Amino acid sequence: MAEVSPFEVFAASFPEVTEAYRSMKRAYGTAGPLDEKTKQLIQVAIIVAIGSEGGAKDHAQFAQEAGATADEVKQSILLVLGPAGMSRASAGIGWIDEVLK
């Protein structure tokens, strides 16, 4: 049986809220001058800083799909070292390692 993500459980429980959330993401995702690769690299760093393994893996993949190299994704995580500490940065590198291969 396929594993169900926490987001899928939430979406099934609250479909209207989920659609509103997705609409908000579309709106802020197209606002401003940043290109998709830059936005994804920023999101990788933020998600690692807050400690979300699944999100880090997803956004590392999205960053690569947007043209980021493995070294660029890793550098975005390196920048977490100051604000979030060694434990978050090293965990983040470990989380995304399999995605970057």
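Modeller: Accessible areas here come from the Shrake-Rupley method with a 1.4 Å probe. Keep in mind, too, that we are looking at a predicted model.

Colleague: Thanks! What share of the accessible surface of the protein chain belongs to carbon and sulfur atoms?

Modeller: The accessible surface of the protein chain comes to about 6600 Å². The part of that surface belonging to carbon and sulfur atoms is 60%.

Colleague: And the overall build: how many helices and strands does the protein chain have?

Modeller: Happy to walk you through it. Read from the N terminus, the elements go α-α-α-α-α-α-α, and the C-alpha trace spans about 40 × 35 × 25 Å along its principal axes. The secondary structure count is therefore zero strands and seven helices.

Colleague: What percentage of the contacts with a separation of 6 or more comes from residues 24 or more positions apart?

Modeller: First some background: of the 101 residues in the protein chain, 25% are buried. Among contacts with a separation of 6 or more, the share from residues 24 or more positions apart is 54%.

Colleague: Which helix gives the most to the nonpolar patch on the surface?

Modeller: The patch is formed by Phe-7, Tyr-21, Met-24 and Tyr-28, with about 390 Å² of accessible area together. Tyr-21 lies in helix α2. With three residues, the element that gives the most to the patch is helix α2.

Colleague: Now the aromatic rings. How do the planes of Phe-7 and Tyr-21 count: stacked, edge-to-face or tilted?

Modeller: The whole structure has two aromatic pairs. In one of them, the rings of Phe-7 and Tyr-21 have centres 6.2 Å apart and planes at 50 degrees. This pair links distant parts of the chain, with Phe-7 in helix α1 and Tyr-21 in helix α2, 14 residues apart. Planes under 30 degrees apart would be stacked and those over 60 edge-to-face, so 50 degrees makes the pair tilted.

Colleague: Is Phe-7 buried, partly exposed or exposed?

Modeller: Buried needs under 20% relative accessible area and exposed needs over 50%. Phe-7 has 34% relative accessibility, so this residue counts as partly exposed.

Colleague: What is the distance between the ring centres of Phe-10 and Phe-14?

Modeller: Phe-10, at 39% relative accessibility, is partly exposed, and so is Phe-14, at 43%. Their ring planes meet at 45 degrees, so this pair is tilted. The ring centres of Phe-10 and Phe-14 are separated by 5.2 Å.

Colleague: Which residues is Thr-18 in contact with, leaving aside its neighbours within four places in sequence?

Modeller: Thr-18 lies in helix α2. Its relative accessible area is 1%, so Thr-18 is buried. Leaving aside neighbours within four places in sequence, the contacts of Thr-18 are Phe-7, Phe-10 and Ala-11.

Colleague: Which backbone oxygen does the side chain of Ser-76 reach?

Modeller: Ser-76 is found in helix α5 and is buried, with a relative accessible area of 6%. Not counting residues up to four places away in sequence, Ser-76 touches Leu-41, Val-44 and Ala-45. At 2.7 Å, its side chain reaches the backbone oxygen of Val-73.

Colleague: On to charges: which side chain meets Glu-19 in a salt bridge?

Modeller: The structure holds five salt bridges. Glu-19 is partly exposed at 41% relative accessibility. At 2.9 Å, N to O, the side chain that meets Glu-19 is that of Arg-26.

Colleague: Glu-36 forms a salt bridge with Lys-39; how far apart are the closest N and O atoms?

Modeller: The two residues are three residues apart in helix α3, so about one helical turn separates them. Glu-36 is partly exposed at 41%, whereas Lys-39 counts as buried at 17%. The closest N and O atoms of Glu-36 and Lys-39 are apart by 3.6 Å.

Colleague: Last one: which residues do salt bridges that share partners join into one network?

Modeller: Lys-57 and Glu-53 form a salt bridge, with their closest N and O atoms 3.1 Å apart. These two are four residues apart in helix α4, so the separation is about one helical turn. Through shared partners, salt bridges join into one network Glu-53, Lys-57 and Glu-98.

How values were computed
Residues are numbered from 1 along each chain as its sequence is written. This is a predicted model: local features need pLDDT of at least 70, side-chain atom pairs count only at pLDDT 80 or more; totals for chains, interfaces and linings use all residues. Side-chain values use heavy atoms; hydrogens and water are left out. Buried means under 20% relative accessible area, exposed over 50%, partly exposed in between (1.4 Å probe, protein chains only). A polar contact is a pair of N or O atoms within 3.5 Å; within protein, one must be able to donate a hydrogen and the other to accept it, and residues adjacent in sequence count only if both atoms are side-chain atoms. Contact means heavy atoms within 4.5 Å. Patches are made of residues with over 30% relative accessible area and no salt bridge: like charges are joined within 9 Å, nonpolar side chains (Val, Leu, Ile, Met, Phe, Trp, Tyr) within 5 Å. A salt bridge is a side-chain nitrogen of Lys or Arg within 4 Å of a carboxyl oxygen of Asp or Glu. Rings of Phe, Tyr and Trp (its six-membered ring) pair if their centres lie within 6.5 Å; planes under 30 degrees apart count as stacked, over 60 as edge-to-face and the rest as tilted.
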